[in-house]
Amino acid sequence: MKEQETLEQRLGEQGVSRRAFLKFCAALATMMALPPSSASAIAAALAKAKRPSVIWLSFQECTGCTESLTRSHSPTLESLIFDMISLDYHHTLQAASGHAAEQARDEAMKAFYGKYLLLVDGSIPLKDGGVYSTIAGRTNLDMLEEAAKGAAAIVAVGSCAAFGGLPNAQPNPTGAVAVSDIVKDRPIVNISGCPPIPAVITGVLAHYLTFGELPALDELGRPKAFYGETIHDRCYRRPFYDQGKFAKTFDDEGARNGWCLYELGCKGPTTHNACATTKWNGGTSFPIESGHGCIGCSEPKFWDAGSFYTPLSAPAADVATVAQVSMVAGAGAAVAMGALDRVKKQKLQQSREKLTVEDLKGD
Amino acid sequence: MSTSLQRGIASFVGQIDGPIASFFTSCVHCGLCADSCLFYTETQDPKYTPIHKLEPLRRVWQQEYTFWGKLMKKAGLSKPVTDEELAEWEPLVYDSCTLCGRCSLACPVGNDIVYMVRKMREGMVASGHAPEGLKGATQRAIELGSPMGVNINTLRAQIKHAEKETGLTVPMDVEGADYMMVLSSAEVAEYNDIIGAVTRIFHQAGVSWTIASDGFEGTNSGIQIGSSDLAAELVGRIVRAAERLKVKYVISPECGHAYTALRWEGPNLIGRPYPFKVIHIIELLDQLRSEGRLKTDSVDETRMTFHDPCQMVRRGGMVEQPRNLLHMVAPNFVEMSDPGLQNWCCGGGGGVSANERANPLRTRAFNRKKAQLDEIDATTIVSACSNCRTMLLDGLEHNHMPHEVVGLTELIAEHLADDKEGKAP
Amino acid sequence: MSRTVVVDPITRIEGHLRIEAETDAEGRITQASSAGTMVRGIEIILRGRDPRDAWAFAQRICGVCTLVHGIASVRAVEDALKYEIPANAQLIRNLMTGAQYIHDHVMHFYHLHALDWVDVVSALKADPKATSELAQTVSPSYPRSSPGYFADMQKKVKGFVESGQLGIFANGYWGHPAYKLPPEANLMAVAHYLDALAWQRDVAKLHTIFGGKNPHPNFLVGGVPCAISIHPEQEGRGKGPHYRGGEGATSLNMVGLANVQNIINQMREFVDQVYVPDTLAIAGFYKDWGAQGEGVGNFMTYGDFPAQGINDPASNLIPSGVILNRDLSTIHPVDLHAENEIEEFVSHSWYDYSVGKDKGLHPYNGETTLHYTGPKPPYENLDTAKDYSWLKSPRWKGKAMEVGPLARVLMMYAKGHAQTKELVDMTLSKLDLPVTALYSTLGRTAARTLETKVIADAMQGWYDQLIANIKAGDVRTFNETKWDPSTWPALAKGAGFMEAPRGALAHWIVIKDGKIDNYQAVVPSTWNAGPRDPQGQDGPYEAALKGHKLHDPKQPIEILRTIHSFDPCIACAVHVTDPDGEELVKVKIK
Amino acid sequence: MDAQELLIWVRGAGLQIAAAVFVLGMSYRMLHLLLIGRKKSLAEARGSEWAGGLRTMWQRSFVLPKLSPRGRFTVVAGYLFHLGFFVTLFFLSQHIALFRAVFGFGWPALPRGVIDIAAVLSLGAMVALLAHRLVDPVKRLLSDYQDYLTWALSFLPLLTGFMLLREIAFEYVTLLTLHIASVELLLIAAPFTKLAHMFSTFISRWYNGAVMGFKGIRT
């Protein structure tokens, strides 16, 4: 194996100028909310970096996270997998299949033990011994535990890996859990979202490659740089919320004027993600801009947080039926208690001694 | 627990009905009722806050009629009502409440507080916690026929006097008369001019009426002490007399609680509707006036004002009637502040006047009336309640005030149009 | 000596697929078993939820197909509630579905399927100049075809390979004799692999404009979520945010619409100049694959791309029907609501039915009761005589059906769709192959390319109609009349169908008291990848693999070629199969 | 349980529990009040119970007796508090969306500025009322722990709601959770405390007014 080239060398060979490289680093710094001065540090670190080995395990997933990554505009998937990292195992992208694929993973895990970055998408089913998802005859749990041992850090990509996601939604038929429910002794970063914004995936990878450590995380293990604020706080429709101007249906004047979607169920106020600032697909739009409320996909348990069309101020469960039943029960109880009171009063009446003038005369 | 306490609490439990439960449920402790009670306004002592006077009853309600209260009681966590406590509350329930009902109009959540006090007194008297003065008055009423000790002989003497004065006959025990006049003890004993007055008025108006020798006393101490049993007995006497004489109407005298007892509580006390109607004397006079059967031919130029008796006005609904009559004879009539439904009590209603212990407090409470009177320069106070009249006279005397106090019926009678037949020689 | 060849995981697909094949002494496959090895139970999760939310759950069946389940779901609810949608909403759904086809098929060809045919390592030996000539011959108008471009590309590949870190290309079957392309063709294909990666990023934006993001754009029962923000100045209306929207209001404004036109142009250019020529060029080297990998010979479509609304099937660009035994002369009608037509069987699946495992159930009455009976992991082999998959086995009137591009092209061809006929005939004549070559691995791959061309061309028409509607003042995108669940009947059933890129897709929903009572998705990959039925009839994957001769059982590239030609999407298939190993000599391929 | 799960709980199960307790407790309590009943008067009526009862139910909200300065303070502050509470409860668009979701119908909202003013006035009035309760001898005598508890239970929803609209001190998820949770506490406590006056007031007024109406007293 030839001595590994640095990123800067590789880029140079491919005709990427140093100037363009620095520009990329500056863009990266901005995206990660780092001070502009750190761009040169990033450049220095990236210029020296070898391509670290990355192993990507896919469990109970829909491949949406990988698809999202392919839509990354900066850095692009090509520059990521050909220049920045060595993607040594990835079901959807790798050439090898079957045993050859498994072998590639084994080899990479051996060669870079303790150094490789483990990316996981999809949840892990634990019910019934994990039979609900197997690869090469092995359970996801088995494979995750093995791969986690030699990982320098783990990136849980997407809400399924980060929080259990859709498979974990009630009634969780397969006992699906998140990576962090299983692996406790490795640094884990959760890049939630269904799917996550591609720039967030690549941004976190770039941060790791640059600084050799994970970025600052919130209490749910998400990078603060991207999940530090709510959609609502940065939403271009926020002024309408503050003014109390709400679209009432998906196709009224308010909807056409871009008024706030709160009443149509937007979960932006309780959702931490960067959609409102980075937007999607190269800054084209994001769900709210395209007329649909945020469904809260980067938050734990968002599938079970009530209908996507129920305003945050409304109950997430059926309260009307509960109230109806309660009213009947309350009325029943009142009738019963009323009858008891009546009996009590009748008894009192029967045993009552009439007050006579003798009673006034006292003892 | 003593038998009497047990009896009292059982009475509380029995008295608590939908309205009382609702009132206790609704009270938000805003304290606005304090402002409406002259015992509070004149003393500024918070214990006279009307709703506070009901605390023992409230606790019985809570312990017997609410879910949590029952639970707490079962768990032994609630404070039982004791004899000592009832003794402590006795002056609050009797001495400092005239059942005037002003608080019931003030309560923002709509609590009829006076209704509650009335009910609470049932339990108080059953448990033996009633003022001695009121007990004595009630005892006299039952045993002698009148709280003041007047009897049929006293009445006969007064009637004779009235007949002499008016030259007219006062019909006694006339079966088949339309109206049966009932009087209050005070009217028989002190304000006996009223007998002549009504005799002349009825004569002029051609009213067929009578007085029953076995049912002339309208004062009902039973209501005041809070005993339905005793009140029923007292009301029963009048009912029996009216039924014996087969009258169409019974006239309630110028006496507030007599009116309440006879008009509103009576049928409920005896447990059946009356075969006759009850009408207040003022109500009747106003009716005669509107029918043109009551004519006056002179006026009194004195500056007069009207003291609204609580039971007749606020709790009886007769606001306009006395004023209509006054306007016939008193061109210089002036209203006190807070007239009509919001008038301030004389301080002696609801049995307070019969309760010597309450005298000092009652005297203090009269300051309110004094202040009202000081605001206007009336020289004569007209009222239509013998008890009010007594209280006003008491208060005026105590405060060295010069006002005269007259009864409305007498005032009207004084100015009756010249009537050859009716006019005294 | 017979052996069992296991390929698990099948990569470059969506989801978790396992193939177990038994080969005879010559290495010829005698029986293949297709097993889906992952299940999430989405149909179970959907029960009791708001039907209006269902699309979002259903859409997460697959992030590659990404919008098809969303559309099938909203259509199912709309069918159940007899919910009409505005014309603009239908056009926007057509545009989004069309974009999905074009995006998905191109990515499948270059990023999932190509490495079965293209030897990346061989590209290092290519002459950039000759490559340029080849490229210019194949596609004269595509600009990125200079010798310098290919030289750079080769340098890039070289640098990559020489770095020693092969990444996603590690352990490919490079140098396998089944690779037949000359080095120049390999280099050209590698270059287009990267070109396509860049291109797909941009064209995905069409979904983002209408649906807010891609993957997983947003949908809406009763229309589409994005209101049209075209604001002609109106008399008497004030200015400023109080009266008007903020910052262009929605993404579907003048800029967004212009962007949609640009993307359509970009799509058509790439399809015409790269995808179609590359398919034809590569196919020329693999004509032998026009004679193997057929499958069951029955084809089915549900139809899609209505011009006049979903309830007028005659206006569909893709017609619906069933072709039995290659007989293109008779198109059998398909009725999704008829309980005796489409049924799902679980006789070889890890599910239980209350009516017994050998009975079929129409999706309205469908059941999803997980019951794993396979070997305890880790295992070497599945028991393919018993239950072996998380996929069910759907059948139309008891018959296995292939769905997908080939079915659609055959249907359009059989119905005489002019452009399809012309494209098919042109392709066959260019490759000098008979019509029967369509029933093959190669035919399936070519059909995918040809339908992409047909749909790319149709995109412009839908766009023009949308613009015409807006110009005429019709900006309606959502019908709110049945949005409120209180307007719904107590019980409603509906089927939402569509042609997904991978084939006929339908969701069946039963709505009771405003909640989902039952939800069943029968998806293309269930039709194609499902296990054998009670009669022992193979599913299309299984049938297609039969007879393949493995040159080297340790490098079963032949299996990958045929399986990939179906473009498996196993997460979609929700129910998956597992094979159980016979006590034969088990050789794990190395 | 993280912040989001807590929010889901308070918006879901928590709200169901609170609604169940509130509705069950209130319907029990109010119907019980009516069922305890009262004896029908045998006296001859001079007016209509219904007219008097209904009139008082409505009128007692507006017709006030003459009051002392402390009484006036209670009434003014009380009005401000109740009015602000009702305005924010029933006319904030987020709340109307809630009613629409639960009952299937809604009504137009008031502008945010009006809501803000109402909320501030209401909050201020509540603070003043609490201070008054602590210093005024009458109120102090009447008050027990329940008065302070119910004050807090009514104050918190207003306060957290106001903070929520502005995202003061905490972030949205936390504030929304606190706001809904505080409302749930209020709902749960209401049937068992003096908060029950929100309904029983009308029953009380009816009884009071009915007696007056029966006697033909024009109040």
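This is a predicted model: local features need pLDDT of at least 70, side-chain atom pairs count only at pLDDT 80 or more; totals for chains, interfaces and linings use all residues.
User: Which pair of chains has the most contacts?

Analyst: Four pairs of chains touch, and the most contacts among them are between chains A and C. The contact takes 95 residues from chain A and 107 residues from chain C.

User: How much area is buried there?

Analyst: Chain A and chain C bury about 8,400 Å² between them. Carbon and sulfur atoms give 57% of that area.

User: How many salt bridges between chain A and chain C?

Analyst: The count is two salt bridges between chain A and chain C. Glu78(A) and Arg201(C) meet through their side chains in a salt bridge, at 2.8 Å from N to O.

User: Which elements of chain A supply the side that touches chain C?

Analyst: Helices α4 (64–70), α5 (77–84), α6 (98–111) and α13 (253–256) of chain A are among those that supply at least two residues each. Strands β2 (86–89), β5 (134–135) and β6 (138–139) of chain A each supply at least two residues as well. α6(A) gives the most, with eight residues. By class, this side of chain A has 39 nonpolar, 37 polar and 19 charged residues.

User: Switching to chain B. How many of its residues are in contact with chain D?

Analyst: 56 residues of chain B are in contact with 49 residues of chain D. The buried area between the two chains is about 4,300 Å², with 58% from carbon and sulfur atoms.

User: Which residues of chain B lose the most area to chain D?

Analyst: Thr25(B), His29(B) and Trp264(B) do. Together they account for 14% of what the chain B side buries.

User: And salt bridges, how many between chain B and chain D?

Analyst: Four salt bridges are counted between chain B and chain D. One pairs Arg70(D) with Asp35(B), where the closest N and O atoms are 3.0 Å apart.

User: Which chains do not touch?

Analyst: Chain B and chain C do not touch, and their nearest C-alpha atoms are 36 Å apart. Chain C and chain D do not touch either, with their nearest C-alpha atoms 8 Å apart.

User: Now inside chain B. What domains is it divided into?

Analyst: Chain B is divided into domain 1 (3–130), domain 2 (146–290) and domain 3 (304–414). The centres of domain 2 and domain 3 of chain B, taken over C-alpha atoms, are 22 Å apart.

User: How much do domain 2 and domain 3 of chain B bury between them?

Analyst: About 2,100 Å², 64% of it on carbon and sulfur atoms. Tyr191(B), Glu254(B) and Ile282(B) supply 30% of the area that domain 2 buries against domain 3, more than any other three residues. The contact involves 26 residues of domain 2 of chain B and 26 residues of domain 3 of chain B.

User: How many salt bridges between those two domains?

Analyst: The count between domain 2 and domain 3 of chain B is zero salt bridges. Eight residue pairs are in polar contact across that interface, both residues at pLDDT 80 or more. The residues on the domain 2 side divide into 12 nonpolar, six polar and eight charged.

Methods
Residues are numbered from 1 along each chain as its sequence is written. Chains are lettered from A and ligands numbered from 1 in the order in which they are written. Side-chain values use heavy atoms; hydrogens and water are left out. Domain bounds come from an automatic or database domain assignment. Contact means heavy atoms within 4.5 Å. Buried area is the accessible area (1.4 Å probe) that two parts lose on being put together, summed over both. A polar contact is a pair of N or O atoms within 3.5 Å; within protein, one must be able to donate a hydrogen and the other to accept it, and residues adjacent in sequence count only if both atoms are side-chain atoms. Ala, Val, Leu, Ile, Met, Phe, Trp, Tyr, Cys and Pro count as nonpolar, Asp, Glu, Lys and Arg as charged, and the others, Gly among them, as polar. Helices (H or I, at least four residues) and strands (E, at least two) are DSSP runs, numbered from the N terminus.
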